[in-house]
Amino acid sequence: MSTKKIAVFASGNGSNFQSLVDAEKKGKLAGRIQLLVSDKPEAYVIKRAKDEGIPVFAFQPKDYENKQAFETVLVEILKGLEINLIVLAGYMRLIGPTLLQAFPNQIINLHPSLLPSFPGKAAIEQAFHYGVKYTGVTIHFVDEGMDTGPIIQQQIVPIEEKDTIETLTEKIHQIEHVLLLQTVNLILKEQVVWKKKSMKEKGVKKDNESEKSHP
């Protein structure tokens, strides 16, 4: 049985990338990290990857004509490495049709809130300032929307009176490291499959006409 190959996409510090690398070194990751992709050439995660001897593809989107152009390059690189799973771990860019079509049901995203609450950027700060008593971590398959794909796993993180944004962020990161490794292993062992949301689950009420079959 061949080893499953992983590419991690990240835009920042890369603590979740590092947690996966550390798990692989301990024999706890059911695959091998073959590549780090970053859209921020100055991001600290790149230093982490280089220190670990992991190949890096760093790019600036502005150097390409459009999203399709740089995603076409990414697809060529990822296909060349025979990547089985793409893990978005702090990658702050929406995935476009080019990548989605090339890797159907093979891209997951880690998000620091209990989706569908607080999607998009600054999710931890959004939850903290909104005053909710609970936030959390979500890992989901990626679709064409922003943090809208089918949810794989979630875990609650309480927001306590004494919490600051910094302490809450640290609590969320600790959960992320555990949940991400667990989820990646489940997927690589084929114990998780894409389950497309029904129209009802998406909050769309079907009328009689939409349920009819048409030639």
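Two residues are in contact here when they have heavy atoms within 4.5 Å of each other.

## The model and its confidence

This is a predicted model, in which local features need pLDDT of at least 70 and side-chain atom pairs count only at pLDDT 80 or more, while totals for chains, interfaces and linings use all residues. Residues are numbered from 1 along each chain as its sequence is written, and side-chain values use heavy atoms, with hydrogens and water left out.

The predictor's confidence in each residue is called pLDDT and runs from 0 to 100. Its mean over the protein is 90, and 90% of the residues reach 70 or more. Residues 198-215 are another matter: pLDDT stays under 50 there, and the model has 7 contacts beyond four places in sequence for this stretch. Where pLDDT is low, the predicted coordinates should not be read in detail.

## The overall layout

Helices (H or I, at least four residues) and strands (E, at least two) are DSSP runs, numbered from the N terminus. The protein has 7 helices and 7 strands, and from the N terminus on they follow the order β-α-β-α-β-α-β-α-β-α-β-β-α-α. Among contacts between residues at least 6 apart in sequence, 62% join residues at least 24 apart.

A residue is buried under 20% relative accessible area, exposed over 50%, and partly exposed in between (1.4 Å probe, protein chains only). Of the 215 residues in the protein, 44% are buried. The protein exposes about 12,100 Å², and carbon and sulfur atoms supply 52% of that area; accessible areas come from the Shrake-Rupley method with a 1.4 Å probe, and for residues only the protein chains shown count as cover.

## A closer look at helix α1

Which residues of helix α1 (residues 15-25) are buried? They are N16, F17, Q18, S19, L20, V21 and A23. Their cover includes the strands β1 (5-9), β2 (32-38), β4 (85-88) and β5, together with the helices α2 (44-51) and α6 (165-188). After α1 comes G27, with a positive phi near 75°.

## Aromatic rings

A pair of aromatic rings is described by the distance of the centres and the angle of the planes. Rings of Phe, Tyr and Trp (its six-membered ring) pair if their centres lie within 6.5 Å; planes under 30 degrees apart count as stacked, over 60 as edge-to-face and the rest as tilted. The structure holds 6 aromatic pairs. One of them is the stacked pair of F57 and F59, at 5.7 Å centre to centre with 20° between the planes. F57 is buried at 18% relative accessibility, and F59 is buried at 3%. F57, F59, Y64 and F70 form one aromatic cluster.

The rings of F118 and Y130 have their centres 5.8 Å apart and their planes at 65°, so this pair is edge-to-face. Because F118 lies in the loop between β5 (107-111) and α5 (123-130), and Y130 in helix α5, the pair ties together parts that are 12 residues apart in sequence. F118 is buried, with a relative accessible area of 15%, whereas Y130 is exposed at 65%. A ring can also meet a charge, which sits over it if NZ of Lys or CZ of Arg is within 6 Å of the ring centre and within 35 degrees of the ring normal. The charged end of K79 sits over the ring of F103 in this way, 4.5 Å from its centre.

## Salt bridges

Side chains of opposite charge can pair when their charged atoms come close. A salt bridge is a side-chain nitrogen of Lys or Arg within 4 Å of a carboxyl oxygen of Asp or Glu, and the whole structure has 9 of them. K5 and E82 form one, at 3.4 Å from N to O. K5 lies in strand β1 and E82 in the loop between α3 (67-80) and β4, so this pair ties together parts 77 residues apart in sequence.

D39 and R93 form another salt bridge, at 3.0 Å from N to O. D39 is in the loop between β2 and α2 and R93 in the loop between β4 and α4 (97-102), 54 residues apart, so the pair links distant parts of the chain. D39 is buried, with a relative accessible area of 3%, and R93 is partly exposed at 28%.
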